[in-house]
Amino acid sequence: MIYLYFGEENFEYDIRGLLTSFYPGEPIQSEAGRPRELPALEEGDRALLAEYPEGLARVRLYRGNGEAPLEGEAPVDPEDRSGEKSVLKRLVYRLLSEDTGKELPWGTLTGIRPTKIPMAMLEQGAGEQEIASYMEETYLASPEKIRLSIEIAGRERELLRDIDYRNGYSLYIGIPFCPTTCLYCSFTSYPVAKWAPRMDEYLDALFREIDYTREAFSGRQLDSIYIGGGTPTTLEPRHLERLLSKVEESFDLSYVKEWTVEAGRPDSLTPEKLAVLKKHPVTRISINPQTMKAETLKLIGRRHSPEQIREAFRMARDAGMDNINMDIIMGLPEETAEDVRDTMEKLSAMAPDSITVHSLAIKRAARLNTMKEQYAHLRFENTAEMMDLTASYCRRLGLLPYYLYRQKNMAGNFENVGYAAPGKAGVYNILIMEEKQTIAALGAGSTTKAVFPDGRIERCDNVKDIDLYLARIEEMIGRKKRLFEKL
């Protein structure tokens, strides 16, 4: 057990994030203020006390092994909230690092968008060395991650150079159906077999949102479209045709730089569905193996084989798809570095146009969390060696890193990185991470993000439950209307 006592409530989230990174899987009990007395600590327990005597941040780490507590303090300026938090996190980081003997690749950075830091500094005219020094001193990030974030920030700036943030927008359409639910999945997703008889009903509700969005953004430029889920290609060809035709008829596609359709499950693709995609101006699809190891695919609940992955990729190429992304996940149960190498060898033979490398993140709604006792015997490992392997294979294929983000409870405390060939980067992926453009999101479980001229961001969620979405579609439209009227 980890006990956390904090004198500044606004900083609890950040301290908790560091504790989770250094002591993964340990339960954390937090409480504001100084305890009258510390709980009796057993072997392996820790108690972290963060206080603010005048002009100082002071941290003590008590350990349940009978050893003296670790201590650290540093001066702070209470008027500088951001600086105060940075000082506190560095103090906590150093004590936890001393206790565990571990260093985190991203140092004290617990947020999901580390590239925002070098991006902002580049836009202010800072040089790479200045940015690197700042990130090392302020966040204790490793040189490797600093270089990666600066490289990606520079590439993102180039890719987004022609995006009109003020008068442009992007469109997300959610199709929340899958053949099965993967062990690690926390997205809004329902069995397609159950909902197949009502698919037209779902599309009818979705089309109401499309009609409203067309009117609301009639004077603005559509830059990118992303149809995700779930797995949109679980739709039957006639339903896929209905959807793509509706989008094409409803919006001016003159300025669209990218139209992506997720085809994530290889067992959802057929020549007929690919023909529908090619009939419309879809520019990019994603076929996601996650791994090329048959035993792992079975374990995580993906009912397809490595051979089906190769066949789906071949069909897509034969259909004329010239921008195919493939997702893989590091840290899947029982996988080793050799398994990762084997997956990368097999992906290299297919030569996709982009590869997105995810680090496994187990979220609250995933079965790996809700049924954790059932999977407690499994080994989950993500290492620097595995991440370096994927990076070296991608660069060998001519794929360069172009976007990056992080999540809570990420295996190995690493990151997700998208690699792409020149001209094949996923523009929408960068826009959703950098939060510089409004994204209108339609469908059950989707989240609209409105970006205001002053940089302020407001969100608007659609209900996840499909029955509720169908019954309350006018309410979903009303939520968007109230948000967009403020833009």
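This is a predicted model: local features need pLDDT of at least 70, side-chain atom pairs count only at pLDDT 80 or more; totals for chains, interfaces and linings use all residues.
Which strand pairs with S17 (residues 447-451), and in what sense, parallel or antiparallel? The points below answer this and cover the rest of the model.

1. In it, strand S17 pairs with strand S18 (residues 457-461). Val 451 stands opposite Ile 457 of S18. Five residues lie between the two strands of this hairpin. Gly 455 has a positive phi there, near 90 degrees.

2. **Overall make-up.** The protein chain contains 17 helices and 18 strands. Its radius of gyration is 24 Å, close to the 23 Å that the globule rule gives for 487 residues, so the chain is as compact as a globular protein of that length. The C-alpha trace spans about 70 × 50 × 45 Å along its principal axes.

3. **The five-stranded sheet.** Strands of a sheet pair through backbone hydrogen bonds, either parallel or antiparallel. Here, five strands make an open sheet with mixed pairing. Their order is S2-S1-S3-S4-S5. The edges are strand S2 (28-32) and strand S5 (70-75), each of which pairs on one side only. On average, neighbouring strands of this sheet are turned by 10 degrees against each other, direction ignored.

4. **S1 beside S3.** Strand S1 (residues 2-6) and strand S3 (residues 46-51) run parallel and are joined by five bridges.

5. Helix H2 (residues 81-100) lies across S3, strand S4 (56-63) and S5. H2 runs at about 25 degrees to S4.

6. **H3 against H4.** Two packed helices are described by the angle between their axes and the distance between the axes. For helix H3 (residues 116-123) and helix H4 (residues 128-139), the axes come within 10 Å and cross at roughly 140 degrees. H3 and H4 are therefore oblique to each other. Their crossing is right-handed. On the H3 side, the contact uses Ile 117, Pro 118, Met 121 and Leu 122. These meet Glu 130, Ile 131, Tyr 134, Met 135 and Tyr 139 in H4. The contact residues divide into eight nonpolar, no polar and one charged.

7. Which residue in the loop between H4 and helix H5 (143-159) deserves a look? Leu 140 lies in that loop. Phi of Leu 140 is near 60 degrees, a positive value in a residue other than glycine.

8. **H7 alongside H8.** Helix H7 (residues 199-216) packs with helix H8 (residues 237-250) at an angle of about 10 degrees. Their axes are 11 Å apart. At that angle, H7 is roughly parallel to H8. The H7 residues in the contact include Leu 203, Phe 207, Ile 210 and Arg 214. Among the H8 residues they face as a group are Arg 238, Leu 243, Lys 246 and Val 247. The residues of this contact divide into seven nonpolar, two polar and seven charged.

9. Gly 229 and Gly 230 are joined by a cis peptide bond, with omega about 20 degrees. Gly 230 sits in the loop between strand S9 (221-229) and H8.

Technical notes:
Residues are numbered from 1 along each chain as its sequence is written. Side-chain values use heavy atoms; hydrogens and water are left out. Two strands pair if DSSP finds at least two bridges between them. Helices (H or I, at least four residues) and strands (E, at least two) are DSSP runs, numbered from the N terminus. Axes are lines fitted to C-alpha atoms, for helices over the stretch in contact, and angles run from 0 to 180 degrees between N-to-C directions. Contact means heavy atoms within 4.5 Å. Angles under 35 degrees count as roughly parallel, over 145 as roughly antiparallel, 65 to 115 as roughly perpendicular and the rest as oblique. A crossing is left-handed if the near helix is turned anticlockwise from the far one by less than a right angle, and right-handed if clockwise. Ala, Val, Leu, Ile, Met, Phe, Trp, Tyr, Cys and Pro count as nonpolar, Asp, Glu, Lys and Arg as charged, and the others, Gly among them, as polar. The radius of gyration is taken over C-alpha atoms; the globule rule is 2.2 Å times the number of residues to the power 0.38.
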